[in-house]
Each structure stands twice: as C-alpha cells, then as structure tokens.
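Please read these notes with the model open beside you. Find each residue as you go.

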Amino acid sequence: LVNRVVSHLVQAIRSKDSCFSSIERQSAGSYYERVKISEPNEFDIMLVMPVPRIQLDEADDTGAFYYVSFKRSPKEKGWLKFLEEDGKLSAFKMLQALREIIKQEVKNIKDAEVTVARKKVGCPAITLQIKNRPSEISVDIILTLEAQQSWPLSTQDGLKIEQWLGTKVRRDMRFRSLYLVAKQNKSEKVLRGNTWRLSFSHIEKDMIKNHGNSKTCCESDRPKCCRKGCLKLLKYLLEQLKMKYPKELEKFCSYHVKTAFFHSCVTWPNDSDWHLGDLDHCFQQCLGFFVDCLQKSQLTHFFIPQYNLLSLEDKARHHFLSRKICHELNNGFPVFHE
C-alpha cells in the first residue's frame with residue numbers, strides 16, 4: 001500500500017517541477033533497518049535530490065546545521081525560485097513547493113484513501129495518512145539533498161568504528177554522498193526556515209545491516225549475535241515509557257537510543273561481546289550506557305562529536321527518564337508486561 005502511494009507521488013513530483021525531476025525515493029528508518037517493533041504503521045521515505053556543488057556555512061556551533069548555497073549558478077534555472085535574496089537555498093520554500101504538489105496529487109490517487117497531515121512546527125517531514133482499516137498508516141516524506149562532495153569538518157573525528165567495523169569500512173563510508181535534510185534550527189534568532197541538517201541515515205542503515213566485527217556475523221549459516229535484538233528492546237522500552245509519560249518524555253525520540261546503541265557497539269566491538277544467548281545481559285549493558293548519558297546530560301552525536309543530543313536545559317527531563325529506566329531495570333521491566 002505504501003509503495004503504491006509513494007510511487008504514484010514520485011512520478012507526479014518529477015513531472016510537475018523540473019527541479020524535482022531527478023528525485024529518487026530512498027527508504028529510511030526502523031522498518032527498513034529491520035528493527036521495527038510493534039506493527040508496521042509508520043514509515044520514513046526520503047526523497048533524495050541530487051544537487052550541483054554546494055557551499056555549506058555553519059548555522060550554529062553544533063556542526064550539524066548549515067546554510068546551503070550553490071558554488072556556481074545552477075544550469076537548471078528552476079532552482080532560482082528557491083533561493084533567498086542572499087543566495088541561500090531555502091528549505092522552507094522547497095518544502096512548501098513539494099507539499100503543494102503532494103496535496104494536489106493525493107486527490108488523484110484512486111485506489112487508496114490518502115490525506116496530508118497538518119504541518120507540525122519545526123518538523124521537516126510532510127506526513128501522509130493512509131487509511132488501512134481498522135487503523136491508519138503514517139508516512140513521513142523527508143526532503144533530502146544529496147551532494148557528491150566531502151563531508152564537513154565537524155564530522156572528521158566522528159564515526160569511531162575502526163575497532164568495530166574496521167578502518168577500511170570507515171574510509172569507504174566517508175566517501176559516500178553527503179545528505180542534508182530540510183530541518184529548522186531552533187537556535188536561529190529569526191526562524192526563517194532556511195537551515196539544513198546533516199543526515200547519515202543511509203550510513204546508519206548500512207551499519208545496522210552489516211553490524212559484525214567479523215564480516216560474516218548473522219549470515220545464514222554463521223553465528224548470530226543479539227545487536228539488533230538490543231536495539232529493538234531499547235526502542236521498545238522508550239516507546240512504552242513515552243506512552244506512559246507523554247508530557248515528560250516528549251523531547252526524547254528513538255534517535256537517542258539508536259545513538260547510544262552505536263556507541264555501545266564501539267565500546268564492545270567484538271562479536272563475542274554480543275552472543276545471541278546473552279541478549280538480556282547485553283541489553284542491560286546498553287541501557288546502563290544510556291542511563292549514564294542521561295545522568296550526565298551528555299550524548300555525543302555519533303558522526304558529529306561536538307554535537308550533544310541532550311540539551312543542558314532539559315536536565316530535569318533526562319533525570320526523569322533515567323529514574324524511570326532504573327526502576328524498570330530493577331523490577332524486571334514491568335512496562336513490557338502492561
């Protein structure tokens with residue numbers, strides 16, 4: 001159902017605006033990383049647009065948010081309508097154009113009931129709601145620029161996977177394209193909506209799929225490990241706690257536990273640290289690492305070491321979550337049985 005709807009939209013988007021003509025869909029998120037828990041009712045689809053050579057200017061001190069401008073005037077003149085007076089590429093204008101095309105086009109989808117959800121402040125995705133009785137599927141469409149150029153300086157000391165996946169794998173990953181998603185930077189003095197945030201979801205998907213220190217981990221007739229099981233449990237625990245305490249935990253998302261999980265893979269790099277039968281021990285070890293981060297209010301972005309994903313003004317929330325997790329840990333995870 002999702003593939004049908006998205007294919008229809010991609011065809012329409014390509015034909016409606018020459019800038020979008022080379023857009024490609026790429027699947028991201030937990031369903032496609034095979035770590036989805038609960039029923040598959042949420043999907044992330046990246047619409048990836050190749051862009052000519054771009055210049056990146058840091059928008060703040062996180063090293064994650066950038067202003068994008070073209071190094072030379074692009075051959076495709078359609079880009080000009082998305083530029084600000086100062087030549088910056090406006091994420092807001094591009095998202096607006098894309099949203100308009102999608103809103104018009106969903107009316108032409110005959111074999112499914114699709115609506116476009118209302119815009120959420122600061123959320124970079126265009127969310128589709130697809131009726132799938134008795135429930136509903138939500139699909140986040142994320143506008144993504146793809147630039148064939150080297151990653152910015154802020155990423156230089158990130159992706160510390162040498163001991164875990166190897167130096168060559170790290171080098172190959174850093175040669176992959178640079179992805180930027182349209183994302184509002186909250187610390188901008190004037191919220192103009194022209195910032196872009198680095199995205200590594202294509203690399204993360206690879207690390208989760210090829211996660212072994214030995215290259216054969218979890219292949220059909222090879223020893224299995226519990227890394228993915230740990231990630232699923234971490235996500236499930238956070239999901240259940242968020243349902244229980246929506247207000248207190250609204251600022252947390254699965255990316256927090258995914259990041260803690262990647263750091264755990266680096267801390268314990270060997271496949272022998274993750275034997276399939278040791279799932280409960282490994283899960284508690286990952287949780288211990290995450291709780292430690294929460295107590296210090298310090299969770300380093302896996303690719304951008306200067307970027308702390310836990311903002312210091314939310315210390316009370318971090319401590320709240322760490323208390324709830326410790327309660328679960330010490331009582332045999334009652335939330336899993338509710």
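1. **Ground rules.** This is a predicted model: local features need pLDDT of at least 70, side-chain atom pairs count only at pLDDT 80 or more, and totals for chains, interfaces and linings use all residues. Residues are numbered from 1 along each chain as its sequence is written, and side-chain values use heavy atoms, without hydrogens and water.

2. **Two domains.** The protein splits into domain 1 (1-199) and domain 2 (218-336); these bounds come from an automatic or database domain assignment. Their contact (heavy atoms within 4.5 Å) takes 24 residues from domain 1 and 18 residues from domain 2. The domain centres, taken over C-alpha atoms, are 26 Å apart.

3. **The domain interface.** About 1800 Å² is buried between domain 1 and domain 2. Carbon and sulfur atoms give 65% of that area. Buried area is the accessible area (1.4 Å probe) that two parts lose on being put together, summed over both.

4. **Helices α5 and α6.** Helices (H or I, at least four residues) and strands (E, at least two) are DSSP runs, numbered from the N terminus. The axes of α5 (residues 227-244) and α6 (residues 254-267) come within 9 Å and cross at roughly 150 degrees. That makes α5 roughly antiparallel to α6 (over 145 degrees). Axes are lines fitted to C-alpha atoms, for helices over the stretch in contact, and angles run from 0 to 180 degrees between N-to-C directions.

5. **Who touches whom there?** In α5, the residues include Leu 231, Leu 234 and Leu 238; in α6, they include Val 257 and Phe 261. By class, the contact of α5 with α6 has seven nonpolar, one polar and three charged residues. Ala, Val, Leu, Ile, Met, Phe, Trp, Tyr, Cys and Pro count as nonpolar, Asp, Glu, Lys and Arg as charged, and the others, Gly among them, as polar.

6. **Helices α6 and α7.** The axes of α6 and α7 (residues 279-296) come within 9 Å and cross at roughly 115 degrees. The two are therefore roughly perpendicular (65 to 115 degrees). Cys 286, Phe 289 and Phe 290 of α7 meet α6 residues, among them Val 257 and Ala 260.

7. **Backbone details.** Most residues other than glycine have a negative phi, and most peptide bonds are trans. The Arg 133 to Pro 134 bond is cis, with omega near 5 degrees. Pro 134 sits in the loop between β6 (125-132) and β7 (135-147). Leu 159 is not a glycine, yet has a positive phi of about 50 degrees. Leu 159 lies in the loop between β7 and α3 (167-174).

How values were computed
Angles under 35 degrees count as roughly parallel, over 145 as roughly antiparallel, 65 to 115 as roughly perpendicular and the rest as oblique.
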